[in-house]
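Subject: Structure for your review

Dear colleague,

Please find below the sequence and structure that I am handing over to you. A short account of the findings follows.

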Amino acid sequence: MIVELNGLEVHGRHGAYEEEQIAGQPFWFDVRLEVGERGADDDLTGAVDYTEVAAAIRTVSDRHRFDLLEALAGAVADELQRAFAPEWVTVRVRKRPAGLPVDWSAVTVTRP
């Protein structure tokens, strides 16, 4: 089974530019965790709780400031692996990039 959260919005002060670090901006996290059969028995105690996944993402973003999306995505993937022990995890982080006429930029990280 794959547990997914898409579009989790977290305000962060990440970025290579000073204005991004001072004012902050929204970041959107899309995550997928392969959790095997956890939760198939309809018992939350053995399942991966979505609210705990979201809380772990917020904690990483709030506790550290990253210049690059690559580092932020990697740190979130590492924490999700540590906290939930999935078979694999994929984390995509999106933001509206400073000075570029695009909807968003993103980095995707997968950890086995």
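The model is a predicted one. I begin with helix H2, which covers residues 50-63.

The buried residues of H2 are Val53, Ala54, Ala56, Ile57, Val60 and Ser61. Viewed down the helix axis, the buried residues of H2 fall within an arc of 160°, and therefore line one face of the helix. As background, an α-helix has 3.6 residues a turn, so residues three or four places apart point the same way. On the face turned away from the buried side, H2 carries the exposed residues Thr51, Asp62 and Arg63.

The cover over the buried residues of H2 includes strand E1 (2-12), strand E2 (25-34) and helix H3 (69-84). The axes of H2 and H3 come within 9 Å and cross at roughly 135°, which means that H2 is oblique to H3. This crossing of H2 and H3 is right-handed. To the contact, H2 contributes Glu52, Val53, Ala56, Ile57, Val60 and Ser61, while H3 contributes Leu72, Ala75, Val76, Glu79, Leu80 and Phe84.

Val91 is buried, its relative accessible area being 0%. Leaving aside residues up to four places away in sequence, Val91 touches several others, among them Phe29, Val31, Ala73, Val76, Leu80 and Val107. Val91 and Asp41 are 50 residues apart in sequence, and their C-alpha atoms are 26 Å apart in space.

Yours sincerely

Methods:
Residues are numbered from 1 along each chain as its sequence is written. This is a predicted model: local features need pLDDT of at least 70, side-chain atom pairs count only at pLDDT 80 or more; totals for chains, interfaces and linings use all residues. Side-chain values use heavy atoms; hydrogens and water are left out. Helices (H or I, at least four residues) and strands (E, at least two) are DSSP runs, numbered from the N terminus. The expected span of a helix is 1.5 Å times one less than its number of residues. Buried means under 20% relative accessible area, exposed over 50%, partly exposed in between (1.4 Å probe, protein chains only). The arc is that of the directions from the helix axis to the C-beta atoms. Contact means heavy atoms within 4.5 Å. Axes are lines fitted to C-alpha atoms, for helices over the stretch in contact, and angles run from 0 to 180 degrees between N-to-C directions. Angles under 35 degrees count as roughly parallel, over 145 as roughly antiparallel, 65 to 115 as roughly perpendicular and the rest as oblique. A crossing is left-handed if the near helix is turned anticlockwise from the far one by less than a right angle, and right-handed if clockwise.
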